[in-house]
Amino acid sequence: MPELKRELLLVMLSLGLVATIAGLVPDKSGASLSSAGVKRTERFATLNGDGELHLYNLKTKEQLQVTYRDSEGNYDHAVLSELNRLLRCSWDNQTTLIDLELVELLDDIEDHFGAERLDIVSAYRSPAYNEHLAALGRNVAKQSFHMKGLASDIQLPGISVAALHGYVRELRLGGVGYYPDDGFVHVDVGPVRSW
Ligand SMILES: [Zn+2]
């Protein structure tokens, strides 16, 4: 191999190595990668879920009891896919990538109350479903966090909506909405807000 080409190859190899190492260090946002390559942000490092979730989807009547993260912080991608499926839009069965921070938040809430399971009133909302709701005259946001896999409306069996709302509001990790008449609390991992 001519000397020049060989040197070029060596440079490319070393650049590749550099890129691999760069992928393992924390990025500017303060997020770090677990060994499974999933981002965990500092904001959510304070959440104390145990990595196990028991969810029941009130619309589809499906439930899922899973370990999505082990004690070393490794995420199980097959289980995360199952969670995406459970938290799909029940109107047209469309799925999305549910944000990992939302999964961690649901886990923290479930464990904080020592709840046997957490009930999902709604999670992902597809663009078609959102348009449908808007056409019905419902007060829905054009770019709802539900449409980004960042929000869920939840309730906990045996726990009052007020207590649930109070706890999530204290966390100050995202948005939280109080819907006592409908019996649920909206939680999302967008900016900190409450209503
Ligand atoms: Zn909501």
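In what order do the seven strands of the open sheet run? The order is 4-3-5-6-8-7-9, and the pairing is mixed. Two strands count as paired if DSSP finds at least two bridges between them.

The model is predicted: local features need pLDDT of at least 70, side-chain atom pairs count only at pLDDT 80 or more, and totals for chains, interfaces and linings use all residues. Residues are numbered from 1 along each chain as its sequence is written.

The protein has five helices and nine strands. Both are DSSP runs numbered from the N terminus: helices are H or I with at least four residues, strands are E with at least two. The elements follow the order α-β-β-β-β-α-α-β-α-β-α-β-β-β from the N terminus.

Strand 4 (62-67) and strand 9 (193-194) form the sheet edges. Each pairs on one side only. Strand 9 runs parallel to strand 7 (residues 175-179), and two bridges join them. Gly175 has Arg193 of strand 9 as its bridge partner.

Helices pack on this sheet. Helix 2 (residues 77-86) touches strand 3 (52-57) and strand 4. Its direction makes about 155 degrees with that of strand 4. Helix 5 (residues 161-171) touches strand 6 (151-155), strand 7, strand 8 (184-188) and strand 9. The direction of helix 5 makes about 15 degrees with that of strand 8. Axes are lines fitted to C-alpha atoms, for helices over the stretch in contact; angles run from 0 to 180 degrees between N-to-C directions.

Among contacts (C-beta atoms, placed from the backbone, within 7 Å) between residues at least 6 apart in sequence, 57% join residues at least 24 apart.

Terms used:
Contact = placed C-beta atoms within 7 Å.
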